[in-house]
Amino acid sequence: MSRPESRLDRLYSPPEIGAPGKRAARGRDRDLLLAGAFILAMAAVAVVSFAILQPGLFGKSYRLHAYFADAKGLFTGVRVIQNGYVIGGVEGVTPIFPGDEAHARRCPSSSDAGGGALA
């Protein structure tokens, strides 16, 4: 036959051997919850920072093809800057040779050595 619980037994139950008391366990749970919330907040800050600093990171961009007669110094990874703001980056550089009919109508003539044509 089990002993009926008294009011004191319901309010206080001793911890198991080596286990924290109820108050210490609640404190640990609270600390873990706050640490998890902090980590999630920092992850959100990182995602927002990347979205602001890297244009087009989440699909808010469009591709632009530019044709230059002389593309010296242009290589993959170069940042594109307009009015002092980074507006994009070079994803790739592909040489197009004279006589290529697919791109001939968009490419600038050799007399426009410094200029570029946008598609």
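Let me start with a word we'll need: a residue is buried if its relative accessible area is under 20%, exposed if over 50%, and partly exposed in between, using a 1.4 Å probe and protein chains only. With that in hand, buried residues make up 3% of the 119 residues in this protein.

A quick note on what you're looking at: this is a predicted model, where local features need pLDDT of at least 70, side-chain atom pairs count only at pLDDT 80 or more, and totals for chains, interfaces and linings use all residues. Residues are numbered from 1 along each chain as its sequence is written, and side-chain values use heavy atoms, leaving out hydrogens and water.

Now the layout. There are 3 helices and 4 strands, taken as DSSP runs numbered from the N terminus (helices are H or I, at least four residues; strands are E, at least two). Along the sequence, the order is α-α-β-β-β-α-β.

Have a look at β2, residues 79-82, and β3, residues 85-89: they run antiparallel, joined by 4 bridges. Strands count as paired if DSSP finds at least two bridges between them. R79 stands opposite G89 in β3. In this hairpin, 2 residues sit between the strands, and N83 takes a positive phi near 55 degrees.

Over to helix α2, residues 22-53, which is where V45 lies. Is V45 buried, partly exposed or exposed? V45 counts as partly exposed, because its relative accessibility is 45%.

Last, contacts, meaning heavy atoms within 4.5 Å. Among those between residues at least 6 apart in sequence, 45% join residues at least 24 apart. Thanks, everyone!
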